[in-house]
Amino acid sequence: MVIRYPSVAIVIVNYNGFEYTRECIDSVLKLDYDNYTVVFVDNGSSDGSGESLYNLYKDVVVCLPLTKNHGVTGGNNAGINYALEHQYDYVLFLNNDTIVDRRFLGAMVKTSQESNNALVVPKIICYYDPKRLDHWVGVDYNWWTGQPKGYSAYPLDTPALNAHSEIKVASTCCLLTPVSVIRQIGVMDENYFMYNDDADFTLRATRAGYRMFYEPTAIIYHKCNMTTKNKQPAYFEYYLIYRNFFYFYNKLCTNLFVKYVFFVRLGTLLILQYFKSYVNRNPSKRQVINLIVRDILVRRMGPVPAEQPFVSAI
């Protein structure tokens with residue numbers, strides 16, 4: 001009897017991250033799973049890493065070079081579109097700063113198949129501190145805090161976090177998604193560029209009635225935040241996080257009172273930081289706050305503005 005393994009397109013997006021992406025792809029190519037394709041998306045890298053990785057892996061992976069940086073969302077969507085066009089069963093989103101256990105994909109697919117094609121996230125161990133987990137998952141989203149319910153940053157690996165469980169929101173650092181789900185809810189929202197896009201995508205899926213599970217027998221290791229650390233201009237994350245929170249809440253928070261309170265709180269923080277920048281003699285931060293407020297008001301989304309204090313690295 002021939003066993004048919006569902007086909008999986010593993011989407012790995014690179015932006016100026018040769019060493020991390022190389023180590024990630026090398027680990028993926030050793031998987032104990034018989035029906036997967038690595039879809040390598042280079043997000044307009046400016047350091048030559050895209051070409052170098054293409055030369056290394058062109059015979060064993062699918063390479064999709066983009067002419068500019070389309071962010072996490074645009075890079076993942078390029079991979080999604082390839083998977084849709086070629087009729088894959090699943091898309092696996094995988095951060096390029098991860099190393100995977102060779103058995104993790106089989107465990108994730110098994111969990112999905114046993115749960116009527118559910119979405120699945122693995123146990124994500126912090127590569128540089130393996131006693132801790134990168135555990136951005138929750139049974140629901142806490143709209144008061146802007147985090148998954150019960151979230152704590154990099155918790156210790158305890159028995160409670162080694163239990164298979166159903167969840168409603170998760171990071172897309174590593175997320176197995178049936179293509180049938182994407183066909184119904186749509187691709188990633190490129191308005192985010194990056195940050196909050198994962199909460200948006202997983203909430204849209206679970207709100208549409210699809211189930212999602214945390215599967216601790218599937219294990220990967222994450223070199224946390226290596227995509228943005230030391231690779232992006234000053235205030236890159238600051239701008240995107242504040243701007244995107246306003247967009248995310250306006251789009252998906254259904255409780256008008258909670259939404260109002262959260263907006264007031266974020267607005268108050270921006271005002272306080274704006275005046276504090278005078279005390280600290282930091283005109284760049286004031287300019288970023290001005291850009292955040294401007295872009296929230298005019299609903300400008302997508303990439304970071306191509307203007308100071310952001311530099312040409314975007």
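The dialogue below goes through some features of a predicted model, one at a time.

Me: What should I keep in mind about numbering and confidence before I start?

Reply: Residues are numbered from 1 along each chain as its sequence is written, and because this is a predicted model, local features need pLDDT of at least 70 and side-chain atom pairs count only at pLDDT 80 or more, while totals for chains, interfaces and linings use all residues. Side-chain values use heavy atoms, with hydrogens and water left out.

Me: How many residues does the largest nonpolar core have, and which have the most contacts inside it?

Reply: A nonpolar core is a set of buried Ala, Val, Leu, Ile, Met, Phe, Trp, Tyr and Cys residues joined through side-chain atoms within 4.5 Å, where buried means under 20% relative accessible area, exposed means over 50%, and partly exposed lies in between, with a 1.4 Å probe and protein chains only. In this model the largest such core has 33 residues, and V39 and V91 are those with the most contacts inside it. Helix α3, residues 71-85, gives the most to this core, with five residues; helices (H or I, at least four residues) and strands (E, at least two) are DSSP runs, numbered from the N terminus.

Me: Which residues does V39 touch?

Reply: Contact means heavy atoms within 4.5 Å. Not counting residues up to four places away in sequence, V39 touches A9, I10, V11, I12, V62, L64, G79 and Y82.

Me: How many disulfides does the structure hold, and why does C24 not form a bond?

Reply: A disulfide is a pair of cysteine sulfur atoms within 2.5 Å, and the structure holds zero of them. For C24, the closest cysteine sulfur is that of C174, and at 9.1 Å it is too far for a bond. C24 is buried, with a relative accessible area of 0%, and C253 is also buried, with a value of 4%.

Me: How are aromatic pairs described, and how many are found here?

Reply: A pair of aromatic rings is described by the distance of the centres and the angle of the planes. Rings of Phe, Tyr and Trp (its six-membered ring) pair if their centres lie within 6.5 Å, and planes under 30 degrees apart count as stacked, over 60 as edge-to-face and the rest as tilted. A search of the whole structure finds 20 aromatic pairs. One of them joins W143 and F248, whose ring centres are 5.2 Å apart with the planes at 20°, so this pair is stacked. W143 lies in the loop between β8 (141-142) and β9 (147-148), and F248 lies in helix α7 (residues 236-252), so the pair ties together parts that are 105 residues apart in sequence. W143 is buried at 14% relative accessible area, and F248 counts as buried at 0%.

Me: What kind of pair do W144 and F257 form?

Reply: W144 and F257 form an edge-to-face pair, with 6.2 Å from centre to centre and 70° between the planes. Since W144 lies in the loop between β8 and β9 and F257 in helix α8 (residues 256-279), the pair ties together parts that are 113 residues apart in sequence. W144 counts as partly exposed at 43% relative accessibility, whereas F257 is exposed, with a relative accessible area of 55%.

Me: Where do charged ends sit over rings?

Reply: A charge sits over a ring if NZ of Lys or CZ of Arg is within 6 Å of the ring centre and within 35 degrees of the ring normal. The charged end of K223 sits over the ring of Y127, 4.8 Å from its centre, and R286 lies over the face of Y278, at 3.9 Å from the ring centre.
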